[in-house]
Amino acid sequence: LNQKIKRLSQKKERQPTTQPQPSSDNNKDYSQQMDDPLLLIDTSSFIFRAYYSMPPLHRNDGMPIGAVMGFCNMLNKLVWSDWFSHNKQQRRTPRLVLCLDAPEASFRNELYPDYKAHRPPVPLDLIPQFQFISLAARAYGIVQASAPGFEADDVIASLSTQASAEEGLPVRILSGDKDLMQLITNKETLPGGDIGNDDDGVDDDDNTRNTNRRPSGTIQMMDPMTMKLWTHETVVEKWGVDASQLGDVLALAGDSADNIPGVPGIGPKTAAQLMQEFGSLDDLLENTDRVKQRGRREKLETYKDQALLSRELVDLVRDLNWTQMELFYPDHEEPFVANGDDVLDMKVGDLRMQEMNPDRILQFYDTMGFHTMKQRFLERLSRHPQYRNGGTGNANSENGHEIDNQGISRNNTSNSTVSAVASKPATRRSSNYYPKKKMGVPQPEDYQDVPF
C-alpha cells in the first residue's frame, strides 16, 4: 500500500499543472464520432411495435400495409434530419443497420427445445407485410444483417461490441427488448484514455499522456416508439443492478415471453438483491450456504442447473465474426458473406446507408399507396437546395421523377401512375369527411377486399 501511495504521489508531481490536451485532429475525429453514432435496429421489435401502433390499414387492392407505414414513419424520424439538413457539414448518410432474425431455429432451441414455445403465432395480416418492409429497406438504402443459427440480438451484440471496443464508435440500439439492456455500457473513455487501463489516460510506465489511444464508445439503447434513451444510469434505476449484471437477474427471474424457466419463486427484485450481495450468478450458486432465507436457499440449490441453463439462454453472443454473418446490400439480391480476405478490410463503421435516392423512395411510396407520406417527402425536397432546382442526388434518374422549384413530382414516362403533387400543405379535412350513413354490425361482404 505504501509503495502504491508513493507511486501515485510521484505521478501527481510529474504531471504539469495544465494537462496536455489531445491533438486537435484527435479531438475533431472524436467529436465527429460522437455526433455520428452507429444505429442498430432490432428489426423484429421495430416491426411489431409498428404493427401494434397503427390501425388496420389496407392498400387499394386490399393488401394490409399498417405495419409498413409505421415502420417507415419510425425510419423517417431517424434519417430525415440527416437527409434534409441544409448544413453541408451535417448532411450525411447515417450509420444504420437492420439486424434480422435468421429464418431457421437458433442454437438456443437446441439447448432448450421449449425456448419461445409459448409465443402466439404471428398475426395473419402481418405476414405479407414482411416482404414490403424488406422493400422499404432497399428503397431507403439500408444494409440488413443476419447470422444463420443466431438471433438478431446476437448480431446486435456482436456489431455493437466491435464498434464500441475496437472502433471507438458510440452505439445506439433501437429496441424495446430488455434483453439488449445488458449491452449498455457506463461511459466512453475520454480522448487519450486507454481501454482497460486507468481512466486518467496516463501511461503507467513513463507517466506520460498518450493522446493517440482510441477511446471506446458508449452503448446505449433507445425505444423506437417513445424515443426514451436507456443509459447505464436509467438501467440501474429500473433494475437495481449494473447493466453487466442484468443477464444474471434475468436468468434467476426467468422470462415468460421467451419461456426461460429461471428459478421458481425468485422475481426480478429478489434477483437484483442477490446480485447486489453476491455480485454474479456463479458466485451466488457457489455460496448458497450464505443465503439466509431457508426457502430461497433450497430453491437455488434445487434449481441450480435450471438457473445455469437460463443464463445460457439469456446470454448474448458478442463475438460473431464477419464470416458468420450475411449482409444484404440494397443493390444486391443475394446476401454477401465475407471470406478470410474480406474480413481484414471490414469495419462496422462503414455500414452506412446509401445516398438518398428520391426517385426510388417515391416509387416505393407510390407502390404502397403512401400518398400523405409522399406529399411530406416532396415538401421537404422542395425546400432543399440540393434537389429544388434539379440538382444532384438522383433527383432525375431512370424512373423519370423530377422535382421542380414548385415542389412538384413529374414523371416523364407516359405509363407512369405518379401524378403531379403540389408542395403546398394539405388542408385539414373537415369533421364531415366520413360519410354519414347508418352504422350497423359489420358484415363479411363489406370486407371482400381484405385478403384475410
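A salt bridge is a side-chain nitrogen of Lys or Arg within 4 Å of a carboxyl oxygen of Asp or Glu. In this predicted model, local features need pLDDT of at least 70, side-chain atom pairs count only at pLDDT 80 or more, and totals for chains, interfaces and linings use all residues. Residues are numbered from 1 along each chain as its sequence is written, and side-chain values use heavy atoms, with hydrogens and water left out.

The pLDDT, the predictor's confidence in each residue from 0 to 100, averages 79 over the protein chain, and 71% of the residues score at least 70. Over residues 15-33 the pLDDT stays under 50; over residues 402-439 it is also below 50. Where pLDDT is low, the predicted coordinates should not be read in detail.

The structure holds 14 salt bridges. One of them joins R311 and D248, whose closest N and O atoms are 2.4 Å apart. R311 lies in helix 13 and D248 in helix 9 (residues 246-253), so the pair ties together parts that are 63 residues apart in sequence. Helices (H or I, at least four residues) and strands (E, at least two) are DSSP runs, numbered from the N terminus.

Another salt bridge connects the side chains of R95 and D36 (3.1 Å, N to O). Both R95 and D36 are buried, a term for under 20% relative accessible area, with exposed over 50% and partly exposed in between (1.4 Å probe, protein chains only).

A further salt bridge pairs E298 with R294. E298 is partly exposed, at 40% relative accessible area, whereas R294 is exposed, at 60%.

Conventions: Contact = heavy atoms within 4.5 Å.
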